[in-house]
Amino acid sequence: MASSSFNEGDDAQGNDDYDDTEDQTDEFVDKNKGFEEAENSELLYSKVKSDEEAYTLYNDYAFRQGFGTRKGKRSLRADKTVRQRFFLCSYAGFKNKGGVEPTAYKKTDFRTGCKASIQFDVDKKTGLYIVTKHNMIHNHGRVPVSKRHLIRSHRKVTEEQLAMLSSLTENGVPVAFAVRVLKNQAGGEANLGFLKSDAYDALAGKKKRDLMALTQNSC
């Protein structure tokens, strides 16, 4: 049997680009009543070509089912190619071991130790990501349809939206007003795809990338 290892860059309890404090749905989720996504998985044995496509497949499915997602671990072969990839419900695990919150802990921990997840096995020859396991049982409620646009993993500022936000703010328009303009164009917050806080983060990220590019070009 070929040896394998877990990539230390990915954590089963979460991933670097997922910020629990930015999830806006906790108050709408029933923590006392779980749910099962379906009797049979519609994703089992699905095939995609990359890690990004694998996450998108599960995340898009999760939106329809009413929950958020996080990236889990990657299992690597001895030659460092990916053997398995795991994605989790955003309520998976606990921020603190044992689920016990220390007195000094200030941030809200909405996680419930949910076991819902999906496993992709990666074919060594073709590189295809194939769904081989799909745990569909959650220990918490769904996010209501009317609130699903608030789920952190389903919010994203597109390149087109970022370009417009950047253009407006560079011409002296406050970020909050710029977001309002895009919201009106989209037909409401539910169709916009992101929140005001996401706009601030996206603009800050763009400024950082632009500054780095300028620094590199000047060297």
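Buried means under 20% relative accessible area, exposed over 50%, and partly exposed in between, with a 1.4 Å probe and protein chains only. The model is predicted, so local features need pLDDT of at least 70 and side-chain atom pairs count only at pLDDT 80 or more, while totals for chains, interfaces and linings use all residues. Residues are numbered from 1 along each chain as its sequence is written, and side-chain values use heavy atoms, with hydrogens and water left out.

**Exercise 1. State how many helices and strands the chain has, and in what pattern they follow.**

Solution. 
- Step 1: Helices (H or I, at least four residues) and strands (E, at least two) are DSSP runs numbered from the N terminus.
- Step 2: Counted this way, the chain has five helices and eight strands.
- Step 3: Along the sequence the pattern reads β-β-β-α-β-β-β-β-β-α-α-α-α.

**Exercise 2. Describe the chain through its burial, surface and contacts.**

Solution. 
- Step 1: The chain has 219 residues, and 40% of them count as buried.
- Step 2: Its accessible surface is about 13,100 Å², and carbon and sulfur atoms hold 51% of that. Such areas come from the Shrake-Rupley method with a 1.4 Å probe, and for residues only the protein chains shown count as cover.
- Step 3: Contact means heavy atoms within 4.5 Å. Among contacts with a separation of 6 or more, 66% are between residues 24 or more positions apart.

**Exercise 3. Find which residues touch the most other members of the largest nonpolar core, and which elements supply the core.**

Solution. 
- Step 1: A nonpolar core is a set of buried Ala, Val, Leu, Ile, Met, Phe, Trp, Tyr and Cys residues joined through side-chain atoms within 4.5 Å.
- Step 2: The largest such core has 26 residues, and Tyr58, Phe67, Phe87, Ile118, Phe120 and Tyr129 touch the most other members.
- Step 3: At least two residues of this core come from each of helix H1 (51-65), strand E5 (82-89), strand E6 (117-122) and strand E7 (129-135).
- Step 4: H1 gives the largest share, five residues.
- Step 5: Another core lies apart from this one; it has twelve residues, including Val175, Leu182, Leu192 and Leu203.

**Exercise 4. Work out how helices H2, H3 and H5 are set against each other.**

Solution. 
- Step 1: Axes are lines fitted to C-alpha atoms, for helices over the stretch in contact, and angles run from 0 to 180 degrees between N-to-C directions. Angles under 35 degrees count as roughly parallel, over 145 as roughly antiparallel, 65 to 115 as roughly perpendicular and the rest as oblique.
- Step 2: The axes of H2 (residues 159-170) and H3 (residues 175-186) come within 9 Å and cross at roughly 135°. H2 is therefore oblique to H3.
- Step 3: The axes of H2 and H5 (residues 196-218) come within 10 Å, crossing at roughly 80°. H2 and H5 are therefore roughly perpendicular. Leu162, Leu165, Ser166 and Thr169 of H2 meet Ala199, Ala202, Leu203, Lys206 and Arg209 of H5.
- Step 4: H3 and H5 pack at about 115°, with axes 10 Å apart, and are therefore roughly perpendicular too. Val175, Ala176 and Val179 of H3 make this contact with Lys196, Ala199, Tyr200 and Leu203 of H5.
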